[in-house]
Amino acid sequence: MKVYTLLKNGDSDEYHLFEGELNETIEPKTCTVALKSICKKMDKGERSKGLDGKVTVPPFACQEEAAARVSCAQRGRSVCGVCVSSLYRTPD
């Protein structure tokens, strides 16, 4: 099942969506995260870091499309528009 994770870019403070696959065979459930964001403008390694130098916790991870839409809408313009638009595309 396709799921989404939202990561914050450490340089621009903009959020980007990453696609992944839910791993339902492991408890607690986990998911993969693609190396590049949907818009291809952010690598997973460019995540923002806290004062301790560790990467910050994502606002959400492993969410299905409908939940990702709501979460992104709540963050407003701080989320990449290209990434968000992919949540509203009509399937081919």
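Q: What makes the sheet an open one of 4 strands, and in which order do they come?
A: The order is β3-β2-β1-β4, with antiparallel pairing. Strands here are DSSP runs of E with at least two residues, helices are runs of H or I with at least four, and both are numbered from the N terminus. Two strands count as paired if DSSP finds at least two bridges between them. β3 (30-31) and β4 (60-63) stand at the edges with a single partner strand each, so one side of each has no neighbour in the sheet.

Q: What packs on the sheet, and how do you know that?
A: Helix α1 (residues 65-75) does, touching β1, β2 and β4. Contact means heavy atoms within 4.5 Å. The direction of α1 makes about 155 degrees with that of β4; axes are lines fitted to C-alpha atoms, for helices over the stretch in contact, and angles run from 0 to 180 degrees between N-to-C directions.

A word on the source: this is a predicted model, where local features need pLDDT of at least 70 and side-chain atom pairs count only at pLDDT 80 or more, while totals for chains, interfaces and linings use all residues. Residues are numbered from 1 along each chain as its sequence is written, and side-chain values use heavy atoms, leaving out hydrogens and water.

Q: How do you know that β1 and β2 pair?
A: They run antiparallel and are joined by 7 bridges, against a requirement of at least two. Val3 has Gly20 as its bridge partner in β2, and Leu7 has His16 there. The hairpin of these strands has 6 residues between them, and in it Asp13 takes a positive phi near 65 degrees.

Q: Why do β2 and β3 count as a pair?
A: Strand β2 (residues 15-23) meets β3 in the antiparallel sense over 2 bridges, and because at least two are required, the pair qualifies. Asn23 stands opposite Thr30, while Leu22 stands opposite Cys31. A hairpin through 6 residues joins the two strands.

Q: What joins β1 to β4?
A: The link is 2 bridges, with the strands running antiparallel. Here Leu6 stands opposite Phe60 in β4.

Q: Why is Thr5 called buried?
A: Buried means under 20% relative accessible area, exposed over 50%, and partly exposed in between (1.4 Å probe, protein chains only). Thr5 has 3%, so it is buried. This residue belongs to strand β1 (residues 2-8), where 5 of the 7 residues are buried. Beyond four places in sequence, Thr5 touches residues including His16, Cys31, Pro58 and Phe60.

Q: Is Ser37 buried or exposed, and how do you know that?
A: Its relative accessible area is 0%, so Ser37 is buried. Ser37 is in the loop between β3 and β4, and its side chain reaches the backbone nitrogen of Lys41 at 3.4 Å.

Q: Why is Val57 called exposed?
A: Because its relative accessible area is 72%, Val57 passes the cut-off for exposed. Val57 lies in the loop between β3 and β4. Val57 and Leu7 are 50 residues apart in sequence and 8.2 Å apart in space, C-alpha to C-alpha.

Q: What makes Arg69 a charge over a ring?
A: The charged end of Arg69 sits over the ring of Tyr88, 4.7 Å from its centre. The label asks for NZ of Lys or CZ of Arg within 6 Å of the ring centre and within 35 degrees of the ring normal. Arg75 lies over the face of Tyr15, at 4.9 Å from the ring centre.

Notes:
A polar contact is a pair of N or O atoms within 3.5 Å; within protein, one must be able to donate a hydrogen and the other to accept it, and residues adjacent in sequence count only if both atoms are side-chain atoms.
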